[in-house]
Amino acid sequence: MRAFAAAATAVAAPTPARLRLGLPFGPRAQRSGHCRPASSSRLLRVSCGATTMGDETSTSVPAQEQEPTVGAGSVKQQLSRLVISSLRTTVPEVEVEPMVEVSAKFADYQCNNAMGLWSKVKGSGTSFKNPNAIGQAIAKNLPSSDIIESTSVAGPGFVNITLSNSWVAKRIQDMLINGINTWAPILPVKKAVIDFSSPNIAKEMHVGHLRSTIIGDTLARMFEFSNVDVLRRNHVGDWGTQFGMLIEYLFEKFPNWQEIGSQAIGDLQVFYKASKHKFDNDPEFKERAQQGVVRLQGGEEKYREAWKKICDISRSEFDLVYKRLNVELEEKGESFYNPYIPQVLAELNSKGLIQESEGAQVIFIEGYQIPLIVVKRDGGFNYASTDLAALWYRLNVEKAEWIIYVTDVGQQQHFEMFFKAARMAGWLPDPKENKFPKTNHVGFGLVLGSDGKRFRTRSTEVVRLVELLDEAKSRSKSELLQRLTENGKIVDWTDEELEQTSEAVGYGAVKYADLKNNRLTNYTFSFEQMLSDKGNTAVYLQYAHARICSIIRKSNKDVEELKMSGAISLDHPDERVLGLYLIRFAEVVEEACTNLLPNVVCEYLYNLSEMFTKFYTNCQVVGSPEETSRLLLCQATAVVMRQCFQLLGITPVYKL
């Protein structure tokens, strides 16, 4: 059989800095919460700065090569383009990337290139006497721009950059007029696959799947906001050995299952446990079940029909969770990639990568004592063979440039070996080469109970996600009713408003409690903490947003008219601090996407609410001479907060 071609020929690799800046480059310039079983299994719903774990880079599709539009991208990206121009003038003989960062003390931003440049040019006959002289030249050679108010050079050449108040104000007002999408960051890819959620057919979704679903959805939302075409893949476990067990049990217990339909199975979880008990205790049944897998995968119609019925019932169960979380996924489960496995393995074999070991076919990976098994002793395929086929498909058919797998950290080794095997095949270049597309394993820690152990019910069963989410909504509604009754405002709320607000606050609290943590760490699940209206919680942030909306309503001014006729000024120090933080939104999203860390957006959102509180405390809004400007700042803050909520999959509320 003809070996499949690997992905496109390598091109000159863009450097990480250029990728972050959206700059042109060239010659100059088991999934989710469960551990993966030996037999592959994952599931999918049909849709109507820090170092990530398991980072790997892959084949060579060039990223966005066009010059960015003037004024496009984050503030840091725009300043970096100015610094690039200055560096080319200052040290034309040296290839160097701009080093622009937010300044903590001395200015708004800072360029830190001088020290590095000095180490490259000293002793080469340069006219520069020291790093400070290089810094002075960088500052002098910055192109004229309405972005920069002033520059200064400190110490060994640090170039401090202060932004123009009028430019900051104009950028905010332009966003209000033209929409928050104009603040979308520029990422170096156009198409990404995000593989997340992925529960197993006929098994209960547990809190591990909750983490994968929430984190994966947020990453997808951030990439989509950044104008990346995201393929939301739910790689469901619909092809593993458990199906022989389930199907044979169905045939044995309900010979007329086709006539009575779904009622034959009833509660799928109970059905699964009963079939597993028989599988473990009845050798004859176990043998029939193992043969049933072969008959299913061989295409026998009776088995395929039963398989489809079980999958459909599972999907309807999973959909209850996805609907509550407002998450959409497109299903391409393990069965979808099964036809590609023989061809992919043939390619790997033709390259001398597959060897026989103890009756199985394996790939030996340098640095690992155990090999990557791609064909089991009985001739069956497994997780690794399915993942290799899926990766081949995503690279060659779907043409994805960034492929992201969201599962628990316990699966890190599987992905490291899997990615290295793909590199050995020539599909993925060395990660140090910074070529596209690239692949990442986005690992996450455990959800713990109050006892510090894995989160389970009192009967040690996994927690049903539908019940968990319903309890969050119920608790949220109870607290909301109590507060509204106590302050006499319950009469102002309709039943529909109570229901929608309780849902938004309850589900949002569960999501935010997960996302605000660095995903690599474990976190303790606590309804009391996540539903608190104090501290860094979604409830607190919802109150902050609702308060801003209330301020605008009480002004009796038409903000839509004000943003066209009024103007923003940043004369008060707290106005400027708020305005400057607002315009950093794009680079925060850029950082969260680059490092695949949703908590970066959570931190920004919480800090923004705190800055607004300080601004509102020290700057009278309604009735002040600066009312129009300050109402526009209120509106801008609300718009940015709502976009943060959207990225986190949280529905904002406008009154509480």
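Setting aside neighbours within four places in sequence, Leu-163 is in contact with Val-75, Leu-79, Asp-108, Tyr-109, Ile-147, Glu-149, Val-168, Arg-576, Leu-580 and Ile-583, where contact means heavy atoms within 4.5 Å. The model is a predicted one, in which local features need pLDDT of at least 70 and side-chain atom pairs count only at pLDDT 80 or more, whereas totals for chains, interfaces and linings use all residues. Residues are numbered from 1 along each chain as its sequence is written, and side-chain values use heavy atoms, with hydrogens and water left out.

Leu-163 is also among the residues with the most contacts inside the largest nonpolar core, which has 160 residues, and the others named with it are Leu-79, Phe-223, Leu-468, Phe-585 and Val-640. The largest share of this core, 12 residues, is supplied by helix α24 (residues 627–647). A second, separate core of 35 residues includes Val-193, Tyr-368, Leu-391 and Leu-395. A nonpolar core is here a set of buried Ala, Val, Leu, Ile, Met, Phe, Trp, Tyr and Cys residues joined through side-chain atoms within 4.5 Å; buried means under 20% relative accessible area, exposed over 50%, and partly exposed in between (1.4 Å probe, protein chains only).

Helix α6 (residues 207–225) packs against helix α17 (residues 495–515) at an angle of about 85°, with the axes 10 Å apart. That makes α6 roughly perpendicular to α17, a term that covers angles of 65 to 115 degrees. From α6, Leu-210, Arg-211, Ile-214, Ile-215, Asp-217 and Thr-218 meet Val-510, Lys-511, Asp-514 and Leu-515 in α17. By class, this contact of α6 with α17 has 5 nonpolar, 1 polar and 4 charged residues.

A salt bridge is a side-chain nitrogen of Lys or Arg within 4 Å of a carboxyl oxygen of Asp or Glu, and by this rule the count comes to 36 salt bridges. Three of them are tabulated below.

| Pair | Closest N and O atoms |
|---|---|
| Asp-280 and Lys-276 | 2.8 Å |
| Glu-284 and Arg-288 | 4.0 Å |

Asp-280 and Lys-276 both lie in helix α9 (residues 268–281), 4 residues apart, about one turn of the helix. Asp-280 is partly exposed at 48% relative accessibility, and Lys-276 is partly exposed at 32%. Glu-284 and Arg-288 both lie in helix α10 (residues 283–297); Glu-284 counts as exposed at 58%, whereas Arg-288 is partly exposed at 30%. Glu-284 and Arg-288 also belong to a network of salt bridges that links them with Glu-248, Glu-252, Lys-278 and Asp-282.

Note on methods: Axes fitted to C-alpha atoms, helices over the stretch in contact; angles between N-to-C directions. Helix = DSSP H or I, 4+ residues; strand = E, 2+ residues; numbered from the N terminus. Parallel < 35°, antiparallel > 145°, perpendicular 65-115°, else oblique. Nonpolar A, V, L, I, M, F, W, Y, C, P; charged D, E, K, R; others polar.
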